[in-house]
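I have opened my notebook for a friendly look around a new structure. My plan is to check a few residues first and then step back to the whole protein.

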Amino acid sequence: MDASSSTGTVHSLQPEQSHGGFTRFELELEFVQALANPYYLNHLASQKLLQDPAFIAYLKYLRYFQQPEYTKYLFYPGPTLNALELLQQERFRQEILSPDIVAHLAEQTLLSSIKAK
């Protein structure tokens, strides 16, 4: 059911559509937080998702989590936002296939989570 406002804009009166019981925001939040895991990034790269222009565009879209009103929902904002920013770089998307890069990022993530406690 839709209703038109006085400006002629159509607004939905229905609640946000659910995807398997979760809102789109909840799914995006879960996904963006997974990006803090260097082993997951390596998996995405090994599946060639980090070469897919549509996936790269989605990663760019997810940068809205850098805004304070969304950052507050992240459990580990530092590593999450760092990974999201690194994924914007083509070179990083290629280098994350390296076990040495993955190990280095995993160590950094561990150290930052220890400092956060």
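**Entry 1: a glutamate**

Buried here means under 20% relative accessible area, exposed means over 50%, and partly exposed lies in between, with a 1.4 Å probe and protein chains only.

A note to myself on the source: this is a predicted model, in which local features need pLDDT of at least 70 and side-chain atom pairs count only at pLDDT 80 or more, while totals for chains, interfaces and linings use all residues. Residues are numbered from 1 along each chain as its sequence is written, and side-chain values use heavy atoms, with hydrogens and water left out.

I found Glu28 in helix 1, residues 24–34. Helices (H or I, at least four residues) and strands (E, at least two) are DSSP runs, numbered from the N terminus.

Which residues does Glu28 touch, not counting those up to four places away in sequence? I listed Tyr58, Tyr61, Leu62, Tyr64 and Phe65. Contact means heavy atoms within 4.5 Å. With Tyr64, the side chain of Glu28 also makes a polar contact of 2.5 Å. A polar contact is a pair of N or O atoms within 3.5 Å; within protein, one must be able to donate a hydrogen and the other to accept it, and residues adjacent in sequence count only if both atoms are side-chain atoms.

**Entry 2: helix 2 and what follows**

I then turned to helix 2, where Pro38, Leu41, Leu44 and Ala45 are buried. Down the helix axis, these buried residues fall within an arc of 115 degrees, so they line one face of helix 2. The arc is that of the directions from the helix axis to the C-beta atoms.

At the start of helix 2, I saw a side-chain oxygen of Asn37 within 2.8 Å of the backbone nitrogen of Tyr39.

Is Lys48 buried or exposed? I noted it as exposed, because its relative accessibility is 52%. Lys48 sits in the loop between helix 2 (38–46) and helix 3 (53–61). Its phi is positive, about 65 degrees, although Lys48 is not a glycine. Most residues other than glycine have a negative phi.

**Entry 3: the whole protein**

Stepping back, I counted 7 helices and 2 strands. From the N terminus on, the order is β-β-α-α-α-α-α-α-α. Of the 117 residues, 28% are buried. Among contacts between residues at least 6 apart in sequence, I noted that 56% join residues at least 24 apart.
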